[in-house]
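Biologist: I'd like to go through this model with you, one feature at a time. Can you show me what you have?

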Amino acid sequence: MTSQAVTLTAARRLLELAGRMGVHYIFTNLGSDHTAFIEAFAAIDDSGSTMPRIIICPHEMTALTAAHGYAMVTRRPQMVLVHVDVGTQNLGCSLHNASRGRVPAIIVAGLSPVTVNGDRPGARTEFIHYTQDAPRQHEIAAQYMKWTYELRAPEMVDAVLMRALQLSSSVPEGPVYLTGAREVWEGPAGGHAEVVPAQWSPARLGGLRHEEVAELYDALAQAKRPLVLTTYLGRNTAAVGRLVELSELLGLPVAEIAPQYVNFPGDHPHHAGYRRNALVAEADLILMLDVDVPWIVSRTGPSTGARLFHIDADPVKEDMGFWHFPAERSYRADSDYVLQQLLDAGRQRKQPVPADRQQWILAARERVAAAPLPPLSVKQGGITVKQLTLAVRELVNERTVVVCEEPSGTETILSTLRMSRPGSFYVNGGSGLGWGINAAVGVKLADPQAEVIALTGDGSYLFGVPSSTYWVAQTYGAPVLTIIYNNRGWNSPKVSTNLVHAQSTAQRNDRYWITVAAGARLADIAEAASGAAAFRIDDAEHLQSTLRDALETVRHGRSAVVEVVLDPISEQVLA
């Protein structure tokens, strides 16, 4: 059925259709290419029609990363509207993060106007329309996108948006990038056939064939030292419970390797820790479930004869350069679906758990137990990563959601918090720093009742453009508690150098490293930009009370940033 033709611009049509399709937010930094969108915002408001809520972001890092955090909670793509080539470039490493994190997002960027004589709405009116006319703008983002496309005709806007939503939400999910010249967005969208959402359903993965389920189940049941490794199974919260059930049915230890989500409850007796290379050489069967880097080849590897199975939404990592980890069976499948198939197979067979499995699990847990608390430095009252994280753990309740980006303290934080509730812990799937504080805002928008705590290193905090982050958090009612693990400089490059050059003299030369001055007040950036509450603490005596006061501030609707100056010798690094 064809709806009555009305005079709508392509920009307005895009906004209204996005709102009807479940896009709740547009995160944007507006520019000269967005005139049609700005007019459409006002027209839609005046008419009472529906469109996504507009979140103006002073920096594009906040825009895409907040959409990233929102999508981790909801699995629904949000829209990010940026300004031609320069706005696309300002997205920076958030493009990498969205791609590697496999989160759906719709990025829309304008193109410089094409026409120059002024007889079409949107024609060139400013000098920047010449300097910003990049001939291959899409290539800035292309290698991180599932799809790039230029809208060339306004009347195609419905079909293009629906395809973008479909592709972005199809597993493995990921971002897409749409462009259009200013004249196109200003152009009349014309009449459209009614959109039927069911005809644009995302593609989903299935399970394994009957004989493949039987082979895998038998292998798991017969192995003496099985091991499950997972990184992002928990993006589907229902899968966590099924993995617990299978672990208990067959006596399987589960290790979370650089987890992006809660994949297995941290307090479960079958949890085998967070250390990437541990247990790999001892296991006689490894089941890899939604994992990118199960071990570091130069450090360890499976034993000769170990059976290796890989089940993943993205089992061969097609968008990475060189990647290979051996597996005798590799399946592109829905891990949650496969877990249910294995559980059904187990109920039919009713085999008892092998008697020696519990001994293997206990031995495995002992080997990967968290490192002991490091000693205090000579500075009286110095705070360690472990001490700070223990204090954070005291804040955790049934509403807490932790967003973590503290690279050099990752293992200590994971092993100390041991988050257990599915959907209560999120980590960047990529390596572009600055993610954490901005993702936390998106998580809060997705779950307004959550108490969101962002744990961030000092470098990650600064990379995140905090002046933008906390302005958005305050302006749009998304207060979060941020705790800065300030180890007084960029520690991770030192660690990387030491892994290659163990006796490096560079470690002792501060000219090569960024250091945070003793008098720096990082939290004050957030206070100056947004009115967020700023705290700074460098002694353990007042640590817990300060964190409690900061959390109480957040509960009253105001973001709080606590800068904790750490003992620099306390850093523990995940090898």
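Modeller: Here it is, and keep in mind that it's a predicted model. One cut-off before we start: buried means under 20% relative accessible area, exposed means over 50%, and partly exposed is anything in between.

Biologist: Good. Then which class does Tyr149 fall into, buried, exposed or partly exposed?

Modeller: Tyr149 has a relative accessible area of 31%. That value lies between the 20% and 50% limits, so Tyr149 comes out as partly exposed.

Biologist: And how do the rings of Trp147 and Tyr149 pair?

Modeller: The structure holds 9 aromatic pairs, and one of them joins Trp147 and Tyr149, with 5.2 Å centre to centre and 15° between the planes. Planes under 30 degrees apart count as stacked, so this pair is stacked.

Biologist: What about Trp147 itself, is it buried or exposed?

Modeller: Arg163 lies over the face of Trp147, at 5.2 Å from the ring centre. The relative accessibility of Trp147 is 14%. That is under the 20% limit, so Trp147 is buried.

Biologist: Which kind of pair do Trp295 and Phe325 make?

Modeller: Both Trp295 and Phe325 are buried. Their ring centres are 5.3 Å apart and the planes stand at 90°. Anything over 60 degrees counts as edge-to-face, so the pair is edge-to-face.

Biologist: How many residues apart in sequence are the parts that this pair ties together?

Modeller: Trp295 sits in the loop between strand S9 (285-289) and strand S10 (307-312). Phe325 sits in the loop between S10 and strand S11 (329-332), so the parts tied together are apart by 30 residues.

Biologist: Now helix H1, residues 10-20: how many of its residues are buried?

Modeller: The buried residues of H1 include Leu14, Leu15 and Leu17, along with Arg12, Arg13 and Glu16. They pack against several elements, among them strand S1 (25-28), helix H2 (35-47) and strand S4 (105-111). H1 is largely enclosed by the rest of the structure, because the buried count is 10 of the 11 residues.

Biologist: What handedness does the unit of S1, H2 and S2 have?

Modeller: S1 and strand S2 (residues 53-56) pair in the parallel sense over 4 bridges, and Tyr25 stands opposite Arg53 in S2. Together with H2, the two strands make a β-α-β unit, and its handedness is right-handed.

Biologist: Let's move to helix H12, residues 357-367. Which residues does Ile361 touch, leaving out those up to four places away in sequence?

Modeller: Ile361 has 0% relative accessibility and so counts as buried. Its C-alpha atom is separated by 9.2 Å from that of Pro226, 135 residues apart along the chain. The residues that Ile361 touches are Gly251, Leu252, Pro253, Pro269 and His270.

Biologist: Last topic, the cysteines. How many disulfides are there?

Modeller: A disulfide needs two cysteine sulfurs within 2.5 Å. Cys93 is partly exposed at 28% relative accessibility, and the nearest cysteine sulfur to it, that of Cys57, is 15 Å away. The count of disulfides comes to 0.

Conventions:
Residues numbered from 1 in each chain as written. Predicted model: local features only at pLDDT ≥ 70, side-chain atom pairs only at ≥ 80, totals over all residues. Heavy atoms only, no water. Phe/Tyr/Trp six-rings, centres within 6.5 Å; stacked < 30°, edge-to-face > 60°. Buried < 20%, exposed > 50% of the residue type's maximum accessible area, 1.4 Å probe, protein only. Lys NZ or Arg CZ within 6 Å of the ring centre and 35° of its normal. Contact = heavy atoms within 4.5 Å. Pairing = 2+ DSSP bridges. Right-handed = clockwise from strand over helix to strand, strands pointing away.
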